[in-house]
Amino acid sequence: MIDGMPALRPGPTDAAPPAPPARAARLNPLAVLALLLGILLSPLAALFGHLAAGQITRSHGAERGAVLAWVAIGLGWLWLLL
């Protein structure tokens, strides 16, 4: 106590707000489309796979599906060469 005032203690209102819950990474829809095109024997799978891989890289972990995109790229190039 200083000058008749009680000592200040941090209470529940002085605490920092809790951090928001972590959001799960969402699946990139373009990667799914590219994989479907690769399964359907379309060379466009390579184009859409490259676009999806770029989007996933630029999202810095907010999107997933890189494996799907790269499989689609491989299938797309395979169908293009055949």
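This is a predicted model: local features need pLDDT of at least 70, side-chain atom pairs count only at pLDDT 80 or more; totals for chains, interfaces and linings use all residues.
Which residues make up the largest nonpolar core? The legends below take this up after an overview of the chain.

Figure 1. Residues are numbered from 1 along each chain as its sequence is written, and side-chain values use heavy atoms, with hydrogens and water left out. Along the sequence the elements follow the pattern β-α-α-β-α; helices (H or I, at least four residues) and strands (E, at least two) are DSSP runs, numbered from the N terminus. The chain has 82 residues, and 24% of them count as buried; buried means under 20% relative accessible area, exposed over 50%, and partly exposed in between, with a 1.4 Å probe and protein chains only. The accessible surface comes to about 6300 Å², and carbon and sulfur atoms hold 71% of it (Shrake-Rupley method, 1.4 Å probe; for residues, only the protein chains shown count as cover). Of the contacts with a separation of 6 or more, 66% are between residues 24 or more positions apart; contact means heavy atoms within 4.5 Å.

**Figure 2. The largest nonpolar core of the protein chain.** Its seven residues are Leu-30, Ala-31, Ala-52, Ala-53, Ile-56, Ala-69 and Ile-73. The elements that give two or more residues to this core are α1, α2 and α3, and the largest share, three residues, comes from α2. A nonpolar core is a set of buried Ala, Val, Leu, Ile, Met, Phe, Trp, Tyr and Cys residues joined through side-chain atoms within 4.5 Å. Ala-53, a member of this core, touches Ala-69, Trp-70 and Ile-73, leaving out residues up to four places away in sequence.

**Figure 3. Helix α3, residues 66-81.** At 1.5 Å a residue, the 16 residues of α3 should span 22 Å, and the end C-alpha atoms are 23 Å apart, which agrees; the expected span is 1.5 Å times one less than the number of residues. Ala-69, Ala-72, Ile-73 and Gly-76 are the buried residues of α3. Seen down the helix axis, these buried residues fall within an arc of 105 degrees, so they line one face of α3; the arc is that of the directions from the axis to the C-beta atoms. What covers them includes α1 (29-39) and α2 (44-58). On the face turned away from the buried side are the exposed residues Val-67, Trp-70 and Leu-81.

**Figure 4. Ser-42 and Pro-43 in the loop between α1 and α2.** Ser-42 is buried, with a relative accessible area of 15%, whereas Pro-43 counts as partly exposed at 36% relative accessibility. Beyond residues up to four places away in sequence, Ser-42 touches Leu-37, Gly-76 and Trp-79. With neighbours within four places likewise left aside, Pro-43 is in contact with Gly-76, Trp-79 and Leu-80. Pro-43 and Trp-79 are 36 residues apart in sequence, and their C-alpha atoms are 5.3 Å apart in space.

**Figure 5. The spans annotated "transmembrane region" in UniProt.** The annotation comes from an unreviewed entry and covers residues 30-53 and 65-81; positions are given in the numbering used here, feature names are shortened, and annotations may be inferred rather than shown by experiment. Residues 30-53 are 83% helix and 0% strand, and the end C-alpha atoms of this span lie 9 Å apart. Residues 65-81 are 94% helix and 0% strand, with end C-alpha atoms 24 Å apart.
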